[in-house]
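Let's take a walk through a protein together, from its overall layout down to single residues. Have the sequence and the 3D view ready, and look for each part as we reach it.

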Amino acid sequence: MMRTLRVARQSAVKARTQAANELHALVVTAPDALRAQLRQLRLPQLVIRAAAFRRSTELSTPTAATKLALRSIALRYQHLSVEIDELDKHLDKLVAVAAPTLVAIKGIGTDIAATLLIVAGDNPERLASEGAFAHLIGVAPVEASSGKITRHRLNRGGNRQGNRALYLLAVGRMRWDPATRAYVARRTAEGRTKPEIIRCLKRYIARELYPVLLAATSILVRLDSSTAHSAAA
């Protein structure tokens, strides 16, 4: 259920981003008088202003054509926003039921939680150990030592959606978590680069979340089994 809803949500978000880019592009190429009215507006105000343009049945000037195009795209943007909000509400409920302990962790919202649950639920055989889970989402360190230098590098393998979820959580903690900020300061003083520090943080977070995801995935597997038995009966 989460997987299918996220497919629809990602498609809607992509289309909304494209609509926003097209709005800005039309403003840049609009006739001078219209461009002067719109170029200082931020995206939310631009969408509202463009959606309120009067619908014209006859297009006799470039300005009228541009207004019609802006109105069409702005209405599309608003429709997609409503669609995304509706999908988010359903995802919020599904995630809250499936993994309340996961979303209770500070910094983990519906998007991150749903992503990790989908990755774990699609690969139950890769949850045999915490190390196997780290390899699944591409946060297990990769040896990159040379000569007398011992170091590890970023892992470019694994599930990239799961890796992205941990990246967002790590970057968020670097902003608001005192313990993480202290860790970053210490590792920076040791000469570590930011990518190396984030790699370490993602590994720590994977270790922290593994037991929570394992428990949640076990619940989901039992729910799937009971649903299958009920359908068969």
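What you see is a predicted model, where local features need pLDDT of at least 70 and side-chain atom pairs count only at pLDDT 80 or more, while totals for chains, interfaces and linings use all residues. Residues are numbered from 1 along each chain as its sequence is written, and side-chain values use heavy atoms, with hydrogens and water left out.

How much of the protein chain is buried? Of its 233 residues, 36% count as buried. Buried means under 20% relative accessible area, exposed means over 50%, and partly exposed is in between, with a 1.4 Å probe and protein chains only. Contacts tell you about the fold too, a contact being heavy atoms within 4.5 Å. Among contacts in the protein chain with a separation of 6 or more, 61% join residues 24 or more positions apart.

Now let's see how helices pack. Two packed helices are described by the angle between their axes and the distance between the axes. The axes are lines fitted to C-alpha atoms, for helices over the stretch in contact, and angles run from 0 to 180 degrees between N-to-C directions.

Start with helix α1 (residues 2-28) and helix α4 (residues 62-98), which pack at an angle of about 155° with their axes 8 Å apart. That angle makes α1 roughly antiparallel to α4. In these terms, angles under 35 degrees count as roughly parallel, over 145 as roughly antiparallel, 65 to 115 as roughly perpendicular and the rest as oblique. The crossing of α1 past α4 is left-handed, meaning that the near helix is turned anticlockwise from the far one by less than a right angle; clockwise would be right-handed. In the contact of α1 with α4 there are 23 nonpolar, three polar and seven charged residues. For these classes, Ala, Val, Leu, Ile, Met, Phe, Trp, Tyr, Cys and Pro count as nonpolar, Asp, Glu, Lys and Arg as charged, and the others, Gly among them, as polar.

Next, look at α1 and α3, whose axes come within 11 Å and cross at roughly 75°. This makes α1 roughly perpendicular to α3. From α1, the contact uses A20, L23, H24 and V27, and from α3 it uses L43, L46 and V47. By class, the residues of this contact are six nonpolar, one polar and no charged.

A further pair is α6 and α8, packed at an angle of about 145° with axes 9 Å apart. Again, the crossing of α6 past α8 is left-handed. On the α6 side you will find D111, I112, T115, L116 and V119, and on the α8 side Q161, G162, R164, A165, L166, L168 and L169. Seven of the residues in the contact of α6 with α8 are nonpolar, three are polar and two are charged.

What sits in the interior? The largest nonpolar core has 43 residues, and L102, L117 and L209 have the most contacts inside it. Such a core is a set of buried Ala, Val, Leu, Ile, Met, Phe, Trp, Tyr and Cys residues joined through side-chain atoms within 4.5 Å. At least two residues of this core come from each of α1, α4, α6 (110-122), α7 (130-136), α8 (160-176), α9 (178-189) and α10 (194-232). Its largest share, eleven residues, is supplied by α10. Another core of 16 residues lies apart from it, with L46, A50, A51 and A74 among its members.

Let's finish with a few single residues. C200 lies in helix α10 and is buried, at a relative accessible area of 10%. Not counting residues up to four places away in sequence, C200 touches Y183 and R187. R203 is also in helix α10. Is R203 buried or exposed? With 15% relative accessibility, R203 counts as buried. Leaving out residues up to four places away in sequence, R203 touches E130, G131, A134, V139, A140 and P141.

For a contrasting spot, find R39 in the loop between α2 (32-38) and α3 (43-51). R39 is exposed, with a relative accessible area of 55%. Finally, L75 in helix α4 counts as partly exposed, at 34% relative accessibility. L75 and V47 are 28 residues apart in sequence, and their C-alpha atoms are 7.7 Å apart in space.

How values were computed. Helix = DSSP H or I, 4+ residues; strand = E, 2+ residues; numbered from the N terminus.
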